[in-house]
Amino acid sequence: MESPLASAILEQLQPLFVEPDFDTLFNRLTEGESKSARFLLKMELNRLWSPCIRIMDMRSKGYPCQMVQHAGIQHYLGEHDNKIFQQALERYQQRYTTGVYETVIANAKPQHNQANEAKQATTTSRLQIRTLEFGSYHQGREERIHYSSPVTLLLANGQTIKAKTSNLSVNGIRIVLLEPSSYELGQSCQILFSGLQKEQPEEIIFSPARYQIRGEEHHEQQSWLRLSCEDPRPEFKEYLRNFIQQNKTRYRVSIDFAFTATEIKGFEQFYLPRLTGLPLFFSHDKEIKLEYALKTENNQQELEYWRNERNSDQLAGLFQPARMERLLAQHAKQKSILIYCFAHTIRSHIYFFSATEEELKEKGLKALFFSVGSKRNSWRVYNLTIQAVDPQLDLDKLIDNNISMEQYRNGLAHQLQQFRYIGQLTPINMDNHLEDFQSWQPTQNDANLLQCFGHQLDATPFQIELLYYAQLRREPRYMHKTPTVVKLGEQALIGWTRDISTLGLQVELEAALPCKIGDVIQLSLPKMQGLIKKMDLSDLKYRIVNINNTRTVLHLTIEGNENTHIGREFFQMLIEQNQKKLTMTKEQRHYRGMANSLRNLFVNYQFNYALYVDRHYASKLGILGIGQTPHSLDNLLLNVERTKADLSPLLKGDILKQALIIPLHQARREDRPQAVELYILHKQLQQGKQQDLIRLSDDFLNTSERKDFVNRALALGEFYSVQLHISRTGRPDMEYLAKELHYIAKYAIHKAKQLEEALWSVVGVCDVIDTTEATLQRLDIKH
């Protein structure tokens with residue numbers, strides 16, 4: 001085998017190994033060789049053609065790599081590696097074998113050369129990433145097997161097409177066409193299972209079964225079709241179910257769908273707790289009505305914002321019938337509206353005000369509302385987006401499989417059926433917007449004119465459910481609002497608690513407090529002091545561990561000895577004595593399984609992009625999570641098929657570092673998301689090329705500069721403004737995926753490990769929000 005002649009013969013024999021006449025060719029080419037040499041040649045060929053499951057990961061080489069998927073295995077290869085890989089696959093007839101693996105490894109460039117290539121790689125190549133479509137797995141949760149057998153495809157026009165099955169499940173089938181044909185997606189057809197008739201003959205399989213063509217794939221001049229079973233005969237599905245069950249050990253179980261579904265669920269579970277917006281669920285009988293809100297760690301403060309001095313939820317007052325009917329009248333599938341809000345506190349009572357641009361224009365009070373409202377710490381700007389629930393969505397598949405009692409599942413399904421619209425309320429106000437709002441010059445300065453935008457004192461009640469996720473905090477927090485007085489030095493400010501725990505709390509102040517992280521403040525609880533006499537609740541010492549940019553929201557932890565701190569003792573007693581009430585606030589689970597069902601329903605209507613950062617390269621982005629409905633940023637960032645994203649119009653050059661990497665490095669797991677906003681001039685050039693000018697909104701000196709940039713962008717091409725809300729992630733929620741990972745490991749342990757590694761490599765997640773319309777309204781620019 002070491003001789004040049006033997007090596008040459010081996011090279012000739014490698015591509016012929018699986019040919020029907022291989023033995024004849026082998027004898028001809030090895031004529032004159034000894035028996036031992038011929039034996040060794042055959043042994044080597046068998047070794048080279050043996051299936052391989054080893055993952056090739058070149059990311060440690062220090063140069064840009066792309067994920068390359070083949071035969072269900074994901075490799076990470078450089079451009080040179082991938083070229084060798086494709087050539088080797090062609091030589092081995094598209095089979096991933098030991099020979100393919102050894103060819104790629106043997107031809108890999110030396111590490112220092114590849115490191116030089118990495119330095120020369122452009123930012124653009126690093127910003128081209130794949131997408132994951134959230135919620136796209138809910139319509140197919142069944143076992144399927146890799147099964148190749150002859151079938152005949154019968155079309156309605158009488159055309160018959162020879163084909164072979166690729167995989168098979170009870171409710172679907174994938175086939176490869178063996179001859180050219182014409183068909184249409186969505187077309188009904190019939191399948192005659194000629195192979196199954198011989199392998200497992202039963203009367204039911206001799207009749208054609210009804211199917212519908214759902215999708216197609218093309219690769220190397222071959223076409224595959226995905227078909228869903230539409231056959232009404234229960235005995236036919238029972239036949240398939242029995243066949244699959246009996247042959248799971250004989251034919252390889254396909255875990256492709258399970259792998260993709262688990263991957264999507266894993267990345268969803270990273271993103272949803274760090275969601276900037278508040279998921280909302282509406283019914284619509286005579287008028288639209290808020291039924292549920294889904295609380296997460298990040299959006300809890302939005303729920304707290306809409307609680308009045310009586311701890312009563314007032315959020316539903318935002319969705320006034322006339323306002324919502326105008327929103328529903330929009331023609332787009334996803335309907336959006338901007339809502340401007342502020343709260344006015346007088347004699348310990350909180351009054352809420354809100355208006356849309358259309359409502360402000362009708363009253364001629366836009367300038368007054370902006371000028372008065374933006375001067376208050378309670379100023380908010382929300383983007384409300386809603387979409388009608390798809391009536392074809394199988395609600396039963398949204399319910400957790402752990403809930404087995406049929407009567408209970410039916411109750412959950414009935415609850416879900418009442419929803420007609422799914423929405424998201426996203427706060428998009430930033431501190432650097434205040435100058436823009438306050439530059440509006442009202443012609444009249446009577447703030448009483450804004451009374452017409454005031455909310456009614458009692459809003460329609462709704463339910464709150466808490467999203468289940470891995471709890472990473474040291475202890476749980478409880479929403480509770482009570483007046484406070486905060487002292488620092490000679491200054492004392494009135495405020496409210498947002499949430500409480502035994503070791504700390506969050507306080508919102510009526511005015512800015514000149515302070516920094518690490519300062520020790522004195523906290524008093526005047527209302528609570530009136531209820532309890534045995535403890536002195538004045539001048540309790542707390543240390544500031546986090547603050548917002550306007551110095552109005554303080555995150556506090558107890559200062560001094562935990563065991564003797566009066567604040568800890570008081571809040572521990574308060575929580576224990578009001579456990580029932582506070583547990584409802586904490587858990588928010590009024591109906592077992594409802595929170596997870598709402599989560600599964602919401603991901604079908606993902607309204608923003610979710611951008612993930614991978615730990616392997618601090619500057620290399622992972623994947624982009626997208627919704628199933630086209631997004632306003634699709635034309636800017638996605639390809640036509642929505643399978644790949646090019647983020648260079650958003651993050652090219654130093655912007656990637658300034659807007660994403662540096663804020664991520666500075667963030668801690670428990671911090672609120674850090675928000676940055678980008679202004680983008682996008683110009684489409686000839687031959688598909690594009691030109692982009694990107695600036696951070698903080699880089700503009702004033703409102704005039706921002707207006708000049710936007711007007712220039714609209715004159716030369718297109719203008720976009722995009723907010724990035726960046727959070728550092730903790731450990732992945734593996735408990736949520738435990739069953740799926742166990743199932744995958746049962747049939748392909750390497751893929752289960754591969755998926756776990758991918759999830760553990762995520763270090764950050766970013767909510768990507770289109771704020772273009774909000775910027776244009778704020779700057780009063782028509783387009």
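Guide: Axes are lines fitted to C-alpha atoms, for helices over the stretch in contact, and angles run from 0 to 180 degrees between N-to-C directions. Helices (H or I, at least four residues) and strands (E, at least two) are DSSP runs, numbered from the N terminus. The model is predicted, so local features need pLDDT of at least 70, side-chain atom pairs count only at pLDDT 80 or more, and totals for chains, interfaces and linings use all residues. Residues are numbered from 1 along each chain as its sequence is written, and side-chain values use heavy atoms, with hydrogens and water left out.

Start with a helix pair. Helix α10 (residues 256-271) meets helix α25 (residues 738-747): their axes come within 10 Å and cross at roughly 150 degrees. That makes α10 roughly antiparallel to α25 (under 35 degrees counts as roughly parallel, over 145 as roughly antiparallel, 65 to 115 as roughly perpendicular, the rest as oblique). The crossing is left-handed: the near helix is turned anticlockwise from the far one by less than a right angle. From α10, the contact uses Ala258, Phe259, Thr262 and Lys265. From α25 come Glu740, Leu741, Tyr743 and Ile744. Contact means heavy atoms within 4.5 Å. Five of the contact residues are nonpolar, one is polar and two are charged. Here Ala, Val, Leu, Ile, Met, Phe, Trp, Tyr, Cys and Pro count as nonpolar, Asp, Glu, Lys and Arg as charged, and the others, Gly among them, as polar.

Eight strands form an open sheet in the order β28-β3-β27-β26-β32-β31-β29-β30, with mixed pairing; two strands pair if DSSP finds at least two bridges between them. β28 (644-646) and β30 (690-696) are the edge strands, each with a single partner, so one side of each has no neighbour in the sheet. The twist averages 30 degrees from one strand to the next. Strand β29 (residues 674-684) runs antiparallel to β30, and seven bridges join them. In that pair, Ile680 faces Ile694 of β30. α10 packs on this sheet and touches β3 (128-133), β26 (609-614), β27 (621-626) and β32 (762-770). Its direction makes about 95 degrees with that of β26. Helix α24 (residues 703-716) lies across β29, β30 and β31 (718-728), at about 35 degrees to β29.

A further open sheet has seven strands, ordered β15-β14-β16-β17-β12-β13-β18, with mixed pairing. β15 and β18 (463-466) are its edges, and each pairs on one side only. Neighbouring strands here are turned by 30 degrees against each other on average, direction ignored. Strand β14 (residues 334-346) pairs antiparallel with strand β16 (residues 380-388) over eight bridges. Lys335 stands opposite Ile386 in β16. β14 also pairs antiparallel with strand β15 (residues 349-356), again over eight bridges, with Thr345 opposite Ile350. Two residues lie between the strands of that hairpin, where Arg347 takes a positive phi near 50 degrees. Strand β13 (residues 288-295) runs parallel to β18, joined by four bridges; Tyr292 stands opposite Gln463. α12 packs on the sheet, touching β12, β13, β14, β15, β16 and β17 (421-427), and its direction makes about 160 degrees with that of β14.
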